[in-house]
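Subject: Structure handover

Hello,

Here is the structure I promised you. Please open it alongside this message, and my notes follow below.

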Amino acid sequence: MTDRDISDSWSPARARKPDQNTRLSRTPEVGTTQPSGVPATGSNFKSVTQQQDKNTEGLPINNHSEESFDTKKIIGKLPRWMKSWVLWSILLTLIPSGIGFISMSMLLKLPSAPNCPKIFWPLASASVRLHCASLAASKQNVNDLLQAIALVRELPENHPLRGQINTFLEEWSRDILKLADQSFQSGNLEEAIATARQIPEDLEARKIVEEQITKWQSTWSKAEEIYQESIKELGQRHWQSAFMLSSKLLRVNNQYWATTKYDELNRIIVTAREDGDKLYKAEGLAKGRSVDNVLAAIKLAESIKSDSYLYQKAQELIPEFGRNMLKLAEAKMDRRDADTALDIARQIPPIASLQSEIDDFIVLGEAQRSAWIGTVSGLEAAIYQAQQIDASREVYEKAQKLIAVWQLEIEDVSRLEKARTLASQGTINDLTAAISEAQQIPDSNPRAQEARQEMGRWRSQVESIQDRPYLERADQIALLDDINSLQTAIAEASQIRSGRALYPEARKKISTWTAKIQRIQDQPYLDQARIIAESGDLNTAIREAQKIASSGRALASEAQTAVDSWQEQIRARENWRKAREVAITGTPEALAEAIRLADRVSNRNVLRMDVNVAIDQWSQQLLQMARSQSEFDISQSIATARLIPRSSSAYRDAQEQIRTWRQFLIPRISPTQLPESSPTPSPEAEQSPASPISDGL
């Protein structure tokens with residue numbers, strides 16, 4: 001308990017004033033406190049009574065005998081119970097204990113804490129300021145820490161508590177820096193800087209504030225740079241590179257960037273990658289010429305949500321995909337397929353930036369479809385529809401040009417309709433009149449091309465009517481199917497001149513009749529060549545047939561086929577003859593050569609049966625020779641057996657024999673020849689019929 005905590009009305013003089021009972025009894029107050037704080041005992045009883053019994057001037061009384069007499073007299077007058085030593089023993093025990101308990105309670109009782117908000121600070125003591133500043137600082141927020149600093153910072157430098165004050169100022173300044181760093185770590189850079197710069201400039205901690213701010217700004221700039229680089233890679237759809245860059249945020253000395261922003265960036269990358277795959281697929285579909293594919297591409301682009309990094313890219317692609325559909329519709333319209341074109345345009349989903357073009361295309365397409373009907377009423381309807389396009393539209397000029405064209409067409413359409421009506425009668429005169437009517441349409445008119453097409457069709461009808469009798473007479477004459485009749489029919493059909501409607505049909509008939517004449521003329525020669533070939537004189541037959549084959553006439557191909565067949569027979573006979581001659585030698589090499597020559601004979605040749613028999617016989621001879629050779633040279637016997645062809649009946653036996661001979665060529669190793677580290681082969685291994693080594697020999 002300090003002096004400032006004790007009430008001013010409570011003075012030491014009043015505390016030392018004896019009470020009335022003590023003066024009467026002269027009994028010392030056990031447990032009372034001397035000025036030095038040492039409790040009084042019975043040994044200083046005399047000094048205490050002397051201190052209390054003073055005169056008005058404060059001097060001590062020296063008449064001891066009188067004092068003694070009075071005391072005895074008084075004691076003698078006391079009641080008997082007050083003279084009991086037991087009673088006094090109990091009192092002397094209880095009274096000091098009670099006084100000590102009361103004194104200790106008063107010593108331990110703390111003063112009430114000052115009410116800091118209501119203190120008038122200009123008159124407040126340093127201890128009060130420190131107390132209230134400590135309370136404020138304990139709240140550990142910036143405003144209270146600054147208030148704590150302000151409370152004690154104004155105390156003079158020579159104040160006795162300056163050392164403690166400076167310690168607190170340093171501690172509270174660093175607490176502010178810690179709070180600022182917490183703001184920085186939680187992602188509030190500007191708040192962290194503002195907090196740190198609130199530390200008074202005259203404090204020691206202020207020296208490191210700017211340095212700390214520079215570190216924060218450097219860390220923040222580095223993190224932002226990493227973030228933006230990753231986002232840039234996303235824009236180029238480099239997903240792997242974006243992921244690698246984002247991982248650098250984990251090494252940034254900032255919790256906000258290493259956790260919140262890192263997680264945010266990774267979510268962006270994952271979503272962008274998924275959406276990027278969608279856009280890749282959509283772009284691929286949109287490149288096709290299929291309306292369904294382009295519609296699917298638009299749906300994929302529309303499925304990308306607004307919070308996706310690629311949302312803007314998707315929104316840019318949707319109008320492009322819609323324009324692709326519009327181009328498909330325009331292509332159909334260019335081919336005058338108005339129904340399909342309009343159907344495609346109406347399937348395009350609502351697209352704000354493209355809707356006006358779609359609407360104008362549909363209006364103009366409806367007008368063109370009406371105009372293509374080819375009637376005056378259709379043209380009038382087309383003009384009315386095209387006039388609905390406002391002057392502010394991009395296709396306004398195109399609509400006006402079409403209106404002008406259709407207005408010109410109305411008069412000529414009337415002529416063309418009249419010409420078609422005349423042509424529908426189907427007679428030469430009516431067709432000729434229709435052609436004359438259509439010829440009045442000038443070449444500069446939009447309907448001029450259509451008129452020319454109609455006139456060409458009507459001229460073909462006229463020419464067909466005029467030339468059909470020639471073909472009909474030629475057909476009747478050709479029915480006799482002899483050379484003279486066919487030649488007459490050709491002459492009749494040849495009257496149809498080139499460029500006429502029936503000229504292609506006439507030339508086809510003439511070609512057929514000419515081929516018949518050539519067959520009639522050349523067939524005897526080819527038949528004679530075949531007779532000669534059947535007699536065995538193939539060379540003569542070939543010479544006769546080649547006369548027809550090289551002429552380019554109707555039977556040339558058939559004659560050439562016969563020549564090829566006879567030449568193949570000659571070669572087969574020659575090979576068969578040589579094979580038999582070579583086989584006479586009887587050596588393995590000769591027999592192998594004979595088999596090779598004989599095998600050249602085609603399977604379609606009549607000699608092939610004899611050839612097969614001979615090949616089997618020669619193969620058996622080779623097998624017997626090989627077996628004979630095996631008695632003195634197994635390697636040679638294997639080489640001979642391998643000459644036997646796969647197609648012969650002896651081939652399988654030869655292969656079995658070769659495997660048997662190869663086993664004899666495997667070197668047998670005795671147990672004494674085996675390496676020490678190798679185990680002794682078992683009897684089963686010694687009896688093994690073959691091994692990879694033997695099979696390779």
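Start where helix α18 meets helix α20 in this predicted model. On the α18 side, the contact uses Leu416, Ala419, Arg420 and Ala423. On the α20 side, Glu450, Ala451, Glu454 and Trp458 take part. By class, that contact has five nonpolar residues, three charged ones and no polar ones.

Now the geometry of that pair. α18 covers residues 396-423, and α20 covers residues 448-478. Their axes lie 11 Å apart, at an angle of about 10°. The two helices are therefore roughly parallel, since angles under 35 degrees count as such. The crossing of α18 with α20 is left-handed.

From α16, the residues in the contact are Leu364, Ala367, Gln368 and Ala371. From α18, they are Lys398, Ala399, Leu402 and Trp406. The contact of α16 with α18 divides into six nonpolar residues, one polar and one charged.

Leu364 deserves a click. This residue sits in helix α16. Is Leu364 buried or exposed? Its relative accessible area is 4%, so Leu364 is buried; the cut-off is under 20%. Which residues does Leu364 touch, setting aside those up to four places away in sequence? They are Ala386, Ile389, Lys398, Ala399 and Leu402. Tyr396 is 32 residues from Leu364 along the chain, and their C-alpha atoms are separated by 9.7 Å.

Next, go forward from α20 to helix α22, residues 503-534. The axes of α20 and α22 come within 11 Å. They cross at roughly 15°. That makes α20 roughly parallel to α22. Here too the crossing is left-handed. α20 supplies Arg468, Leu471, Ala474, Asp475 and Ala478 to this contact. α22 supplies Glu505, Ala506, Lys509 and Trp513. The contact of α20 with α22 holds five nonpolar and four charged residues, with no polar ones.

While you are on α20, look at Asp467, which is found in that helix. How accessible is Asp467? The relative accessibility is 5%, so Asp467 counts as buried. Beyond its neighbours within four places in sequence, Asp467 is in contact with Ile496, Arg500 and Leu502. Leu502 is 35 residues away from Asp467 along the chain. The C-alpha atoms of Asp467 and Leu502 are 6.9 Å apart.

Arg336 is not a glycine, yet its phi is positive, near 60°. Arg336 lies in the loop between α14 (311-334) and α15 (338-347). Its relative accessibility is 55%, so Arg336 counts as exposed; the cut-off is over 50%. Asp481 also has a positive phi, about 65°, and is not a glycine. You will find Asp481 in the loop between α20 and α21 (483-493). With 38% relative accessibility, Asp481 counts as partly exposed.

On to the nonpolar cores. The largest one has 62 residues. Which residues have the most contacts inside it? Trp216, Leu249, Phe321 and Met325 do. A second, separate core has 26 residues, and Ala572, Leu591, Trp618 and Tyr651 are among them. Back in the largest core, take Leu249 as an example. Leaving out residues up to four places away in sequence, Leu249 touches Ala223, Ile226, Tyr227, Trp257, Ala258, Lys261, Tyr262 and Leu265.

Last, the overall numbers. The protein has 30 helices and zero strands. Of its 697 residues, 34% count as buried. Take the contacts with a separation of 6 or more: 56% of them are between residues 24 or more positions apart.

Best wishes

Terms used. Residues are numbered from 1 along each chain as its sequence is written. This is a predicted model: local features need pLDDT of at least 70, side-chain atom pairs count only at pLDDT 80 or more; totals for chains, interfaces and linings use all residues. Side-chain values use heavy atoms; hydrogens and water are left out. Axes are lines fitted to C-alpha atoms, for helices over the stretch in contact, and angles run from 0 to 180 degrees between N-to-C directions. Helices (H or I, at least four residues) and strands (E, at least two) are DSSP runs, numbered from the N terminus. Angles under 35 degrees count as roughly parallel, over 145 as roughly antiparallel, 65 to 115 as roughly perpendicular and the rest as oblique. A crossing is left-handed if the near helix is turned anticlockwise from the far one by less than a right angle, and right-handed if clockwise. Contact means heavy atoms within 4.5 Å. Ala, Val, Leu, Ile, Met, Phe, Trp, Tyr, Cys and Pro count as nonpolar, Asp, Glu, Lys and Arg as charged, and the others, Gly among them, as polar. A nonpolar core is a set of buried Ala, Val, Leu, Ile, Met, Phe, Trp, Tyr and Cys residues joined through side-chain atoms within 4.5 Å. Buried means under 20% relative accessible area, exposed over 50%, partly exposed in between (1.4 Å probe, protein chains only).
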